[in-house]
Protein chains: 2
Amino acid sequence: MHSFTQHTPTEIVFGKNTESKVGELVKKYGGTRVFVVYGGGSVERSGLLERVVQNLKKEGLQVETKGGVKPNPRLDFAREAVKEAIEFNADFTLAVGGGSVIDTAKAVSHGIANPNIDIWEFWSKTTPLTKTSPVGVILTLAAAGSETSDSAVLTNTEIQIKRGLGTDFNRPEFAIMNPELTYTLPKYQVGCGIVDIMMHTLDRYFTLTEGNLLTDEIAEGLLRTVIKCGKTAIKDSHDYDAMSEIMWAGSLSHNGLTGLGAEKDFAPHQLGHELSAKFDIAHGASLSAVWGAWATYCYPVKVKRFVQFADKVWGITGDDEEAVAKEAIAKTVAYFKSLDMPTCFSEAGEVGLKNDDELKQMADGCSYGGTRSIGSFKPCDKEDIYQIYKLANK
Amino acid sequence: MHSFTQHTPTEIVFGKNTESKVGELVKKYGGTRVFVVYGGGSVERSGLLERVVQNLKKEGLQVETKGGVKPNPRLDFAREAVKEAIEFNADFTLAVGGGSVIDTAKAVSHGIANPNIDIWEFWSKTTPLTKTSPVGVILTLAAAGSETSDSAVLTNTEIQIKRGLGTDFNRPEFAIMNPELTYTLPKYQVGCGIVDIMMHTLDRYFTLTEGNLLTDEIAEGLLRTVIKCGKTAIKDSHDYDAMSEIMWAGSLSHNGLTGLGAEKDFAPHQLGHELSAKFDIAHGASLSAVWGAWATYCYPVKVKRFVQFADKVWGITGDDEEAVAKEAIAKTVAYFKSLDMPTCFSEAGEVGLKNDDELKQMADGCSYGGTRSIGSFKPCDKEDIYQIYKLANK
């Protein structure tokens, strides 16, 4: 086991009707003027937004709301929100939504605390982030794990670049998690969420580190749980038990726990970010579209790791390690397909089949013009990325 | 899955030589005058105490030390430490040791923050605890999980009563966990630690709540890991990998994670506390001495839960559920025995065989004179407790 640090200070308040505690929690963490960030109309239509605003006001808090966050959260919107939050003199940012809304709220909280710095400087790593202001979350979509994670992603649409920022300043103060708030999600979003949750663990699980027993057990147990409950949830998003397990797994899968003591890979995330930035497909869909190609290209680096994955997650065993590894990959891809998630470019909406030049351009983008490799299980340079995109291009 | 809250704010710094970060971490959490609590001579002899004190001073911190914490930490010692810490004007308490030292440090931190209240009032629940001062931990013994848990235990030797206090004010700010610091533990203490770690999960695992999939997976994975690594650690406490897994499991087993979404039982802990308070045997030994009797008495309440335990933790399956459940209990007891831990009163040193009056007195003590039941899997009243002690009395 390698050395590690783990810091998950976010207070989790999980269960039915927990959103009724929001005002109390905002006050506990020092908020007085609350800037509420949310996405589309569903939060308004369901009456959740109104309930939240009333609850905050009942606790004597000042409230300003800002709707309109889009999937793959955008820098220009976040900049606009920062401006409004500062004008409102906000001292607390509340996200009501999923990963995109939470990531936008994180951006707003950094903007409030650093009013003289353009937030993109933090994401482009030109200025280090040294302080922030508090964020709380009411989660309405189990997927990104942003409610407890140290990361936030923004897309700069001007230059078609999607960037993640990892820092302990991204940890929310609290996360209210009521599985019933995810009941009305469209099937496609449930599927994207399941893929995203699995991938946060898969991108940690495929590692060269040996003998990391407890971390492996937790990762494998989480994957089995999500696979099992995902089958139920995709058919019936009103199944409280299935939606509960998926929601809790979403947080644990990206708070660090499933990869402690090992290096992280996250190459599929980088491969997917390139698709999302260029073609604006949902994050989960971008991951399922590339994972099979990544695994097929990379498994020979350590076949035994895929054999363990096959045994522990899919119950596949056998003497021929190559065959076992390949079967586990096929089974995972088939599972994504059973959720109606894309498993290659032609299935991935806006992406579609590419010609060779386009694949090379994408590899160039993903490798930052050939200046970086991605992943650690197999560090993939521009050529590797091109080969993986080629495998996914069907 | 039931509703739950989970708050594990403690920053974990895990790995070799991590104690060299202690000064930096104390400063990060606002400490300037550090009251260092430790146990016996081993921390002095190994040079760890001196290294820690030098590291704190190098960071410009004022330091006072207080050694002498005994297993089953005592109220009178804690009161004395509080007095000295207040005289020193301490604003931070650092525990260098295992559960007893950490629990004492927690008591000191509450005492510092509430100088006009006798700390026993918090443990006897006559005065609610409303504030505390920060605690940091350098862990030298994997067992109690107190480095991240919300609980602390004190024994009032005047009235032979051992009481736990559960509150978020008991969460340390940071926990430095270097497995190498546990290399020199005597075999008996390694065994006690393994039992204690397993029991923090077992006391959560045996629950009437159904369908708590992810929590079950984590609990079962943790138990498998501890059982496996315990076999290695008991033979060779210098095995870095085994000691690492056990140390990390010790924290996860008692930070809440392995029981989220279900009610906790903790009857074996209560049964064991009575033994520790009366006969001063080590906490882990008190647990292994009663668990088999508790399980034998209680498994009929929900045989299926023991069948799941048998399958997932021990790989025991079969058509006869009763037989499977009993075999799993026998296997667990045999495992404790393989660690040279007591599995009944006659093996438990000072406890020894009891006559019927003595068993009744113990049941009276454990049930607070018949005023409470313990546990939730099967709520055990004074008569149940007597029956369990009778089963353990061999």
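Mentor: Let's start with a definition: a helix here is a DSSP run of H or I with at least four residues, a strand is a DSSP run of E with at least two, and both are numbered from the N terminus. This is a predicted model, in which local features need pLDDT of at least 70 and side-chain atom pairs count only at pLDDT 80 or more, while totals for chains, interfaces and linings use all residues. Residues are numbered from 1 along each chain as its sequence is written, with chains lettered from A and ligands numbered from 1 in the order in which they are written.

Trainee: Where does A:K125 lie?

Mentor: Phi of A:K125 is near 65°, a positive value in a residue other than glycine. Most residues other than glycine have a negative phi. As for its place in chain A, A:K125 is found in the loop between α6 (120-123) and β5.

Trainee: And is A:N17 buried or exposed?

Mentor: A:N17 sits in the loop between β1 and α1 (22-28) of chain A, and its phi is near 65° too. A residue is buried with 20 or more other C-beta atoms within 10 Å of its own, exposed with 12 or fewer, and partly exposed in between, the C-beta atoms being placed from the backbone. A:N17 has 11 other C-beta atoms within 10 Å, so it counts as exposed.

Trainee: What rotation superposes chain B on chain A?

Mentor: The superposition is by least squares on the C-alpha atoms of residues with pLDDT of at least 70 in both copies. It gives an RMSD of 0.0 Å, with 0.0 Å of shift along the axis, for a rotation of 180°. The two copies are therefore related as by a two-fold rotation axis. In chain B, the C-alpha nearest that axis belongs to B:P9, 1.8 Å away, and the rotation you asked about is 180°.

Trainee: Which residue of β1(B) is the bridge partner of A:T8?

Mentor: Strands pair if DSSP finds at least two bridges between them; here 7 bridges join β1 (residues 4-14) of chain A to β1(B), running antiparallel. A:T5 stands opposite B:V13. For A:T8, the bridge partner in β1(B) is B:T8.

Trainee: Which are the edge strands of the open sheet of 12 strands?

Mentor: Its order is β3(A)-β2(A)-β4(A)-β5(A)-β8(A)-β1(A)-β1(B)-β8(B)-β5(B)-β4(B)-β2(B)-β3(B), with mixed pairing. An edge strand pairs on one side only, and that describes β3 (62-66) of chain A together with β3 (62-66) of chain B.

Trainee: Which residues touch the most other members of the largest nonpolar core?

Mentor: A nonpolar core is a set of buried Ala, Val, Leu, Ile, Met, Phe, Trp, Tyr and Cys residues joined through C-beta atoms within 7 Å. Leaving aside neighbours within four places in sequence, A:I246 is in contact with residues including A:A142, A:I197 and A:V226. Of the 261 residues in this core, those touching the most other members are A:V96, A:I246, B:V96 and B:I246.

Note on methods: Two residues are in contact if their C-beta atoms, placed from the backbone, lie within 7 Å.
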